[in-house]
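Q: I would like a close look at a single part of this model, followed by an account of how that part sits within the rest of the chain.

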Amino acid sequence: MSTERATRLRADCSADADGRITFRLRPPAAAHTRLLLVLRPKKGRPEETTHTLDLAPFGDDGEVRAVLEPRLALAEGRWDAYLLRGPDAGRERLRPGLRDLRALVDGGPGDRPSPVAVRVPYATKDGFLAIRTWLRTAHAEAGPLDLTGATMTVRARLHGAELSEGAVVTLRLRGDRGTVRSFPAQPSGGRAFSCAVACEELAVEAADTRFWDAFVRPAADAPLIRIGRLLDDVADRKGVFVYPQVTAGGSAIRPYFTVDNDLAVEVTALR
């Protein structure tokens, strides 16, 4: 792996509703500059997946530009952005400049085909440019979530799949795939649906904390599809969207979004 150098070089980027991302920057003069995207590996694993984009001159003020086209399906994860100044140059981590994500705010196209591919440029905690990507066969985009008394009402819209008779919302106990709770999914127009979840059915008896992950099964014999919130400009939703907790069945119950922006429910026994 080439040497990684610290840099204050910033790259502006913009995203459109089709998933296209355009990068623009003004690097010092160099021949054949390229933009390197590196899929961040899991802890303890080596880097294995990269993608390189040529940076071409754009305009007369020294700016160069690279376009990440939507037809390129990036694997799900977090991609760090680097500058390569030449064939033998070490890579330099890029910092984010202006990020124009207005086209992503309203979720983009109404019904997305399979596979559902999502890309959101963002600034990492240490101030560098990265892209959060999702790539799923199908997806259920969570809408407003209401907590009234001991009932949680989930609203969502399917992408990459069709809603059929017998559809259910299923909550699966994390770490125990055999323990599930299922609730009827009520169609609410097109691929949209809602579901009333009785929080008491998620209560736990032991004095500990458990987690339920939320899915929809769109037809009786269909595979489970994860429910989450991916289709906007928020790369990390967990600390941004915070829901209150309710008490039911001797447990404190709170819905939340995971680090992958998927919907889950935290349940803590009170006795």
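In which sense do strand 2 and strand 10 pair, and over how many bridges?

A: In this predicted model, strand 2, which covers residues 10-15, pairs with strand 10 in the parallel sense, over four bridges. Within this pairing, alanine 11 stands opposite proline 96, a residue of strand 10. Both strands belong to an open sheet of five strands with mixed pairing, whose order is 6-7-3-2-10. Strand 10 (95-100) is one of the edge strands of that sheet, the other being strand 6 (56-57), and each of them pairs on one side only.

Strand 9, residues 91-93, contains glutamate 92, and this glutamate counts as buried because its relative accessible area is 3%, against a cut-off of under 20%. From glutamate 92 to alanine 140 the sequence separation is 48 residues, while their C-alpha atoms lie 37 Å apart in space.

Valine 265, setting aside neighbours within four places in sequence, is in contact with several residues, among them Met152, Leu171, Phe211, Trp212 and Tyr256.

As for confidence, the chain has a mean pLDDT of 91, with 94% of its residues at 70 or more; the lowest confidence falls in strand 1 (residues 4-5), at a mean of 59, and the highest in strand 20 (residues 225-228), at 98.

Note on methods:
Residues numbered from 1 in each chain as written. Predicted model: local features only at pLDDT ≥ 70, side-chain atom pairs only at ≥ 80, totals over all residues. Heavy atoms only, no water. Pairing = 2+ DSSP bridges. Helix = DSSP H or I, 4+ residues; strand = E, 2+ residues; numbered from the N terminus. pLDDT = per-residue confidence, 0-100. Buried < 20%, exposed > 50% of the residue type's maximum accessible area, 1.4 Å probe, protein only. Contact = heavy atoms within 4.5 Å.
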